Amino acid sequence: MLSKLVRPFGASASRSRTSLASTRFLATVPLQQTVNSNGELTPEVWSKGRPFEHYPWNNPPKTQGTVRFLGPTKDGKAAFLNFKKGEEHQTNFGPSLEREVSITDLRHFEPRTTLGVEGIEFVYSPTVLSEDKLLLPDKEAMETFVRGAYFDECAQLVKEKTGATKVVAYNFRHRRIEIDTNLLDPYKFSGKPLPNFHMDNDAETAEVNLRRVLGDEEASVWTGKRWGIVNVWRPVGDVVRQWPLALVDSRTVRYGRDTVPIYTLNNYKTHFTALKPQSHFDFYYVSNLAPDEALLFVDYDSASSGSNGTVVGMAHGAFEDHNAPKKVPRRRSIETRCLVLYDD
């Protein structure tokens, strides 16, 4: 008879500081007890052998959705975006490529995914943040609040969940769907959800962020150890029911075969990385994520160097959920990136 125990034992239930590709600290739970040759009760166990493996008696639900990928450019040249304010329309993006896929709901996934094993974790996390603070007419006051109290909160949360020695929150994006928002055009991309699946950083651009935030001297100390970037993604004002964030298992994504660069103009880093549509991708999301919850995912981890061809962070994008109610509040969210120094 299957055990009703749903919490992993010991170290498997605690946070870990393993690299993105690690399979340490995986869950082990009892299945049933059998009688051995000596007449003693011996428990049979189920052990999690790989990331994103779930209890065999509990298949997590899935939704159907439309995901989007970078399509052919208008001029046939490499894709680019212009970050200069007022010139965001200067891009050669063409229409996105659309695919209908199944997306696994991590809210009902057991054992829960973690930053240390899968690179994704969602948590209950009441916050000092509120929508009125993000919409303050005084933009300087808004920036001061976010970069003060809210950054401190994010840094503490990431530190607790990773066991890191030091965490520095350094960047945020407040994204909103307005009445007139066109999600499918490439313009004004900094303030709205992004449907095209992408990765924010690779090893090169992650180090650009590190040196830009900390300066060369301290950054050189970090690069001698294991370090990374973790993204804290949170709904604002209401539960997200449509255009939620989905992520792709990074272990299934290989540079070149599955990716293409997006070059940038008037930006501090040279490029982002877009995904090509591939049938072998596995997609995950958390249904009905609320403002008092946060979705944490690995943006970069120096322990996963990409030397075997796999990417070093989780690809992500907003998707159109076919099972969402017709009338729902428009999505609002905030994402905060944090530099993370480990003691490995």
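What share of the 344 residues in the protein is buried? I looked this up first. Buried residues make up 52%. I note that the model is predicted.

**Overall make-up**

I counted the secondary structure next. The protein has 17 strands and five helices. Residues 24 or more positions apart account for 76% of them.

**Largest pocket**

I turned to the pockets. The largest pocket holds about 890 Å³ of space. It is lined by 25 residues, and Lys85, His174, Lys188, Ser190 and Gly191 are the closest to its centre. Helix H3 (139-162) and strand E7 (166-176) are the elements that give two or more residues to this lining. E7 gives the largest share, four residues. I sorted the lining of the largest pocket by class: twelve charged, seven nonpolar and six polar residues.

**Second largest pocket**

I put the space in the second largest pocket at about 740 Å³. Its lining has 46 residues. Nearest its centre lie Leu81, Phe189, Leu194, Asn196 and His198. Several strands give two or more residues to this lining, among them E7, strand E3 (62-69), strand E9 (227-235) and strand E17 (332-341). Strand E12 (271-275) and strand E15 (315-318) are also on that list. By class, I found 23 nonpolar, twelve charged and eleven polar residues in the lining of the second largest pocket.

I checked the backbone last. Most peptide bonds are trans, and most residues other than glycine have a negative phi. I listed the exceptions below.

Which peptide bond is cis? The bond from Glu110 to Pro111 is, with omega near -5°. I placed Pro111 in the loop between strand E5 (97-105) and strand E6 (120-124).

Phe52 is not a glycine, yet it has a positive phi of about 65°. I found Phe52 in the loop between strand E2 (41-47) and E3. Is Phe52 buried or exposed? Phe52 has a relative accessible area of 8%, so it is buried.

Trp243 also has a positive phi, about 60°, and is not a glycine. I traced Trp243 to the loop between E9 and strand E10 (245-248). Trp243 counts as buried because its relative accessibility is 13%, under the 20% cut-off.

Methods: Residues are numbered from 1 along each chain as its sequence is written. This is a predicted model: local features need pLDDT of at least 70, side-chain atom pairs count only at pLDDT 80 or more; totals for chains, interfaces and linings use all residues. Side-chain values use heavy atoms; hydrogens and water are left out. Buried means under 20% relative accessible area, exposed over 50%, partly exposed in between (1.4 Å probe, protein chains only). Contact means heavy atoms within 4.5 Å. On a 1 Å grid over the protein atoms alone, a cavity is a set of points where a 1.4 Å probe fits but cannot get out, and a pocket is an open set with protein on both sides within 12 Å along at least five of seven lines; lining residues have an atom within 4 Å of a point. Grid points are joined across faces, edges and corners, and a volume is the space filled by probe spheres set on the points. Ala, Val, Leu, Ile, Met, Phe, Trp, Tyr, Cys and Pro count as nonpolar, Asp, Glu, Lys and Arg as charged, and the others, Gly among them, as polar.
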